[in-house]
Structure formats: C-alpha cells, structure tokens
Amino acid sequence: MAVMNSLFTDRLRGGTVLGAEGYVFELERRGYIKAGPFVPEVVLDFPDAVRELHREFLRAGADVMVALTYYAHREKLRDVGREDDLEAMNRQAVRIAREVARESPDDGGARALVAGNVCNTWAYDPDDPGTRETVRAMYAEQLGWAVDEGVDFVISETNDYLGEALIALEVIQSLRLPAMVTLAPTQPGHTRDGYEYADACRILAAEGAQVVGLNCDRGPKTMLPLIARIRDLVDCAVAVQPVPYRTDAIAPTMQALRSAAGERAFPIALDSFACTRFDMAKFAVQASELGVDYIGICCGAGPHHVRAMAEALGRVVPASKYSPSMELHPMLKADVSAKDAAFLPSWIA
Ligand SMILES: [Zn+2]
C-alpha cells in the first residue's frame, strides 16, 4: 500500500504526538457512564460532560481529540437496549470531538487532530469465520458515520485478536484514512489468537497500518518492556498508551491487581494503585527515549497526568498556567523540616 500523506503522518514526522484517552473510565467516575456495560451513553445524555473532558485533555496538551465511540458499537448498544441510538451516538461523539479540537490554542501551534475510534467487539471468534463479516459490518457502520462527520485518522484499539485488528485495518483503509492499530496486552506475551505482540505489530505494519503498538491493561512498568520489543521490530511509527496504575511482576495487568484483602480491584476499585503525575511524566520520558512516536494514556487518566507528560516532553501547554508552584505553598516554601517538627507530631499523635 502506498505511503499515505495526511495531517496525522505529517504530525508524526514532526515529533512526538501526545495522546489522551480513558474517557469511559473517567466519565464513569464522574457519574455519567454505568460501570459494567461501560457504554458511552453520556454522548447523547450529557454531551457537555464529554465536551468538558475533551477540553481538559486539550488544555493539558493532548494533540488528539479521540471521539468517544469506544463500545458505541451494535453489540454493546444491544446489551443496554439502545441499538436505535447507534448512529446518533456515533455521529454526536465525532461532532463533539471536532468542536473541541477547534478550540486548540491560537498560539501558532497546530490544531488538535480528531480521531475516529473503534475497539474490540466481543463478537469476533477466530474459530468461527462467520463472525468476521459481523465484525466488519460493525466497523464499517461506525467508521462510515465517523468519516461522514470528519476525522483525521482512526484508532483501532484494545484489540485482543490480531485477526480482529486486521479487519479493522481493512475497513479503515477502505475509507482511505490513516490507521493507528493497537493491541491490548492482557496476556503474558501473545494475542488471544496466538501471535507474539511484536510479531502481530509487524504484521499490522506490513499490512499498511501507519502506527502500531499497545494500549490499555498494563501500567507503565509492565508495558515498557513489551513496547521496547515492538519498537525494535517494526519500522513504522509506534504508539503506547498504558493505564496509569502501578502494575508489576506479580500483577502485570490492572485486571490482576488485588487489594491487601485479596479482592479484585478492577475495574472500579483501582484508586489505591493509581500512578501519580510524576510516574506518568517519567513514563513519557522513557517512552520518548525508546523512540516511541505516539505517547498517550488510557483508562484511569486524568488531565493532571496528561499535563505532566506534556511538560516532561518539554512543552508548555494552556494548563501549564496553573502548574504547581510549591515554593508558594505556606508550609512547603521554606524551613520545611522545622515546620514538620512543629506540626507533624500533633497530626500523628
Ligand atoms: Zn483503557
């Protein structure tokens, strides 16, 4: 497939692209999405809430406004009895993302890009060829509406199967849009259809994806070694969007994290495992040093993470106006140990 020139590929050539996602988790936390089905009904029910979160990520430095069409597919809408809202939800999500992208700061910088978004469908079964057409039709209808409303490129993400990711890639290519295709690294080393992650990315790149990589499920610490291998193996641009949770060798994914009492923390009790903004700033630098082109963040993200990542990459963003100035904090500006000595004993008595 011929190299496609586009706003997105131009932007990638110009330097790191900073992504920000995790809309579903964050809007659930704010009370606008039901945990469990995680369908983005908020797009139709409370569009201002979606607009506001886009705006917060934009001010924090995100270069891309990702339309909130994650799980806005036929299968999921049927689960919550809103199949009739499918088209309206998809169209409105792209419209909102576009609207906020146009609010990009007027400082000579480029406007934020708008990404269409599709994800794993839960309808794909590698052993049942009939499901391929079901999945293709789901992607085709969602992305048809996205193209109609206007997107710069498409992100196909949280793919468990290379086979399903390849269907998404074909549909995106048929619409003549650049594709960023990322896998969900839920398993130790392989997709659910048995391809080593790096090998699956190599195949996606060979099939013409402009960007390949990983998103979701793993925190920075357990995502980085996998992405390093992918970076080594492919020539095209690479994307990484971890979850901001402290996954480790014992619990390499957020689904594996357990409380001290042994209870599963995923998906709505992960708070105590959250990465700080400093963790994510460090991650952004590490990913940049590896040569990753698209550095972002997934479920659990807040604007404070994104701003810290942007600033760690050397940027000043609109929200930098309110970045911390601890030298102005009454307790922390000077003589901190003397103040600790004066105050802390009574706090912890
Ligand atoms: Zn995620």
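Residues are numbered from 1 along each chain as its sequence is written, and side-chain values use heavy atoms, with hydrogens and water left out. In this predicted model, local features need pLDDT of at least 70 and side-chain atom pairs count only at pLDDT 80 or more, while totals for chains, interfaces and linings use all residues.

Me: Which residues coordinate the zinc ion?
Reply: Donors are N, O and S atoms within 2.8 Å of the metal (3.2 Å for Na, K and Ca); water is not among the atoms, so sites may look incomplete. The distances here run from 2.1 to 2.3 Å. Each donor atom is an SG, and the residues are Cys216, Cys298 and Cys299.

Me: How many residues apart are Cys216 and Cys299?
Reply: The donor residues follow the spacing C-x81-C-C. Cys216 lies in the loop between strand E6 (211-215) and helix H10 (220-233). Cys299 lies in the loop between strand E8 (294-295) and helix H12 (303-312). Helices (H or I, at least four residues) and strands (E, at least two) are DSSP runs, numbered from the N terminus. The pair links distant parts of the chain, at a separation of 83 residues.

Me: Is Cys216 buried or exposed?
Reply: Buried means under 20% relative accessible area, exposed over 50%, partly exposed in between (1.4 Å probe, protein chains only). Cys299, at 12%, is buried. Cys216 has 5% relative accessibility, so Cys216 counts as buried.

Me: How many residues of strand E4 are buried?
Reply: E4 spans residues 153-159 and is mostly covered. On one side, E4 pairs with E3 (residues 113-119) in the parallel sense over five bridges; two strands pair if DSSP finds at least two bridges between them. The count of buried residues in E4 is seven of seven.

Me: Which residue in E5 stands opposite Ile155?
Reply: E4 and E5 (residues 179-183) pair in the parallel sense over four bridges. Ala115 stands opposite Phe153 in E4. For Ile155, the residue opposite in E5 is Met180.

Me: How many disulfides does the structure hold?
Reply: A disulfide is a pair of cysteine sulfur atoms within 2.5 Å. The number in this structure is zero. Cys201 is in none, and its nearest cysteine sulfur, 7.9 Å away, is that of Cys236. The disulfide count is therefore zero.
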